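Good morning. I will take one structure and walk through its inside, piece by piece. Please have the sequence and the picture in view.

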Amino acid sequence: MAAKSSDDIVIAGISGRLPESSNLEEFKQQLFDGVDLVTDDERRWPSGLYNLPTRTGKMKDISHFDATFFGVHPKQAHTMDPQLRFLLEVTYEAIVDAGVNPKDIKGSKTGVYVGVFQNESSEFWTKDPDETTGYSLTGCSVCMFANRISYAFDLKGPSYVVDSACSSSMVALNQAVWAMKNGECDAAIVAGVNLLLKPETSLEFSKLGMLNAEGKCKSFDASGNGYVRSEATVVIYLQKATIAKRVYATILGMKVNNDGYKVEGITFPSGSMQNELIRDTYTKFGVDRSEVTYLEAHGTGTIAGDTQEVNSIADFFCENRKEPLLIGSVKSNMGHPESASGLCSLAKVVITMESGFIPANLHFHSPNKNIPALSDGRLKVVTKNEPWQGGLVAINSFGAGGTNSHLILKANPKEKIKQNTPGVPRIVAISGRTSDAVHTLIDQVKKHRDDDEFLYLVNQVHQDGIKGHQYRGFCLLNDTPVCEIGDISFQKRPVWFIYSGMGSQKSIGKELMQIEVFRSSIKKSSVVLQQFGIDLEDIIVNGTDSTFENVLNTTVAIVGVQIALTDLLKFLGVDPDGIIGHSIGEISCAYADETLTSEQTILTAYHRGKSLIDNDLVKGSMAAVGLSWEQAHQRCPSNVFPACHNAQNITTVSGLSDSVKAFVAQLTSENIFAKEVKVSNVAFHSKYVAKAGPQFHKALKQIIPFPKPRTSKWISSSIPESKWTTTLAQYSSPDYHVENFLSPVLFHEALQHVPDNAVVIEIAPSALFQGIIKRSLGSKITPHSEGYTMLDVNPNFQSFILQWIFQWVEVPP
């Protein structure tokens with residue numbers, strides 16, 4: 001077999017609408033269930049009209065089309081051939097199936113090759129001159145079947161239709177392959193379509209004696225004497241192997257020829273020319289015919305067609321073969337979709353390669369006596385779902401005018417892409433035109449949660465916005481999946497970072513150390529702290545409750561994690577429009593505002609904690625209480641002080657430990673909310689930490705010799721708004737950070753600057769202020785699933801990162 005080349009052309013995406021099947025997944029299930037997809041109903045014309053066979057293969061619904069999504073004017077959509085509507089929809093799906101966002105191929109040298117045989121709608125739109133609008137010319141002209149695809153997706157490669165009757169889609173594939181090999185295009189859309197709208201067309205086939213009266217394709221069977229007409233739309237997306245994100249199969253080779261003149265007539269098949277084509281194909285591409293283990297035949301079930309084809313197959317493939325060659329024809333299951341038949345065969349082959357099983361042929365009971373190889377064991381028709389043992393697969397496709405094609409495919413060995421980090425829940429982002437569309441994709445994500453390749457491709461498609469997708473969602477694949485879906489506006493929403501303070505050390509980022517960007521940031525901060533004998537990495541990974549009784553450990557851990565989370569968000573392309581910090585969170589604000597480097601930031605955190613330890617402070621405590629800022633000032637005992645104004649009716653008080661405990665007990669007895677918070681025995685933002693201020697200030701002068709001005713993004717929670725014009729408020733200076741250290745936290749006041757409809761992301765080791773932020777912002781934010789995001793370092797943090805990136809921030813116009 002020929003060696004793999006970097007120029008290999010692969011089937012990267014595929015989609016379709018087939019009889020009674022809205023998609024290939026449904027088609028696959030029905031093939032394996034042995035469902036006869038040819039039905040007797042009046043969806044197209046009255047049963048028994050013109051004495052036609054009453055059974056045909058029909059697509060489920062041809063009445064719907066999302067014209068707006070494809071930029072089609074309503075008048076144009078109304079007079080557009082339904083075949084073209086299907087082509088647009090299925091082309092989009094095939095591109096997405098390859099893990100490609102359609103906007104990423106805009107303007108690319110992508111070719112479009114469409115196999116089509118009949119256009120049965122244009123006559124309807126032009127039969128009454130008074131009703132003719134002109135739109136049917138651009139909606140029904142066969143050239144538009146390819147050109148409209150190129151227009152809709154802005155593709156610059158060759159674009160044309162191919163009509164070679166029943167081999168049309170396979171000849172279109174041949175044209176696409178050679179165009180890619182010759183450099184005419186870098187990728188290609190190949191399509192086949194067939195729709196039964198005019199009973200008079202079927203009448204012509206009937207008059208020529210081509211149709212089976214029972215409405216069955218009895219492929220290879222002795223009773224086969226005609227075929228049943230069918231509908232289908234199948235589109236594949238071809239790419240070079242070097243860039244394809246998904247590979248269903250590699251095209252090893254294919255060729256096309258024509259029978260030329262035949263005494264029997266133009267529609268009579270020529271087994272000799274089919275055999276010559278097959279031989280030429282294997283010779284040209286250096287493929288060993290013995291490696292072909294399954295052949296998907298044209299297999300219409302006609303007397304002449306099956307005999308000529310299968311005897312030519314046996315003549316070439318069965319010489320010196322040790323095992324019988326397996327053969328089948330998808331037409332036995334779904335009827336003959338004529339110009340789309342080649343790609344329908346290919347769809348069945350892809351299903352075989354992906355599932356490892358060959359779907360059973362229907363209507364085969366007695367082998368055709370004119371095909372000896374069916375009786376002597378050289379060929380075997382697959383009559384039950386049978387394991388596919390690998391090897392190469394060949395496909396035949398022939399046209400009524402004598403144009404023959406043969407294709408050789410090699411399966412992808414399925415070296416699955418591994419994107420997930422063990423122990424870290426996987427997140428998948430999704431968008432869609434409707435909420436139902438997103439729900440459907442989420443259901444598929446849950447179903448295929450262990451398929452890394454599938455999840456990777458879904459994220460690849462949706463990592464950027466898709467025009468027209470008004471609904472977005474995500475799914476966090478934890479032990480119990482967490483999924484959210486929401487409608488989005490078509491405007492960019494402001495993003496605000498909220499950096500929490502003491503008390504958020506409940507969970508430190510051990511889980512996130514598996515993520516390279518986060519781990520690298522922690523390591524960088526850890527190196528800075530080594531000079532002081534502090535192993536930040538060990539604190540993050542192995543820290544316990546007792547570890548965080550030490551205020552120095554707590555301070556560097558919180559800020560170190562906040563630096564790492566900021567780095568992670570920046571890596572993901574998340575830049576804030578506004579920044580607010582609570583207490584030590586303002587140290588991290590300085591990093592996000594780029595007024596301190598990461599080294600300056602972690603050193604500031606260290607010396608803040610060090611100054612608290614070195615100055616032998618009294619044992620203090622803090623508590624969150626359900627009092628307003630004014631009420632807290634009125635009710636606090638003499639050695640307890642209002643320290644943090646968190647929300648309208650939530651204040652954190654600070655003071656001597658015993659006094660805080662007594663105050664909490666008193667408020668609780670009055671049914672007023674009161675709860676102590678873990679602050680490492682320090683009464684922050686009260687007079688009891690004032691003696692640590694000078695040491696902290698001295699260290700900061702060494703760390704920040706040249707203060708930078710704070711940007712307007714950073715809203716101060718340390719200085720009242722009335723003093724924001726002062727020098728103290730304008731610089732990220734030692735004076736500012738000491739002011740933050742010693743003065744009360746005006747968090748509620750700062751939050752009032754968060755604009756309406758903002759996406760608010762709390763950045764902290766644990767989601768400490770979720771309730772507080774919601775209370776403080778009140779009616780300015782929409783419910784959690786649409787406007788408010790919490791980011792912490794437990795595994796669920798990822799859902800909220802993704803909620804921002806893929807759902808709530810920016811939608812392309």
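How many disulfides does a search of the whole structure find? The search finds zero. Keep in mind that this is a predicted model. As a reminder, a disulfide is a covalent bond between the sulfur atoms of two cysteines.

C185 is buried, with a relative accessible area of 1%. C589 is in no disulfide either, as the nearest cysteine sulfur, in C644, lies 14 Å away. C589 also counts as buried, because its relative accessibility is 0% and the cut-off is under 20%.

In soluble globular proteins, nonpolar side chains tend to be buried together. Here the largest nonpolar core has 81 residues, and F518, I580 and L612 have the most contacts inside it. Which helix gives the largest share of this core? That is helix α17, residues 551–571, which supplies 12 residues. Apart from this core lies another one, of 51 residues, including I11, I14, I236 and I395.

I558 is buried, with a relative accessible area of 0%. To get a sense of distance, pair I558 with N404: they are 154 residues apart in sequence, and their C-alpha atoms are 70 Å apart in space.

Now helix α15, residues 516–529. Does the length of this helix agree or disagree with what its 14 residues should span? At 1.5 Å a residue they should span 20 Å, and the end C-alpha atoms are 20 Å apart, so the two agree.

Which residues of α15 are buried? They are F518, S521, I522, S525, S526, V528 and L529. Looking down the axis of α15, these buried residues fall within an arc of 155°, so they line one face of the helix. The face turned away from that buried side carries the exposed residues K524 and V527. The cover over the buried residues of α15 includes α16 (536–542), α17 and α19 (598–614).

On to a strand. Is β6, residues 187–194, largely enclosed or largely open? Eight of its eight residues are buried, so β6 is largely enclosed by the rest of the structure. A187, I189, A191 and V193 point one way from the strand, A188, V190, G192 and N194 point the other way, and all are buried.

β6 has strand partners. Strand β4, residues 110–116, pairs with β6 in the parallel sense over seven bridges. In that pairing, Y113 stands opposite V190. Strand β7, residues 232–240, is joined to β6 by seven bridges too, but those two run antiparallel. There, G192 stands opposite V234.

Last, a loop residue. S733 sits in the loop between β27 (731–732) and α24 (734–742). S733 is buried, with a relative accessible area of 8%. What does S733 touch, leaving aside its neighbours within four places in sequence? The contacts of S733 are then I704 and P707.

That is the end of the tour.

Notes
Residues numbered from 1 in each chain as written. Predicted model: local features only at pLDDT ≥ 70, side-chain atom pairs only at ≥ 80, totals over all residues. Heavy atoms only, no water. Core = buried A, V, L, I, M, F, W, Y, C linked by side-chain atoms within 4.5 Å. Buried < 20%, exposed > 50% of the residue type's maximum accessible area, 1.4 Å probe, protein only. Helix = DSSP H or I, 4+ residues; strand = E, 2+ residues; numbered from the N terminus. Pairing = 2+ DSSP bridges. Expected span 1.5 Å × (residues − 1). Arc of directions from axis to C-beta. Contact = heavy atoms within 4.5 Å. Disulfide = S-S within 2.5 Å.
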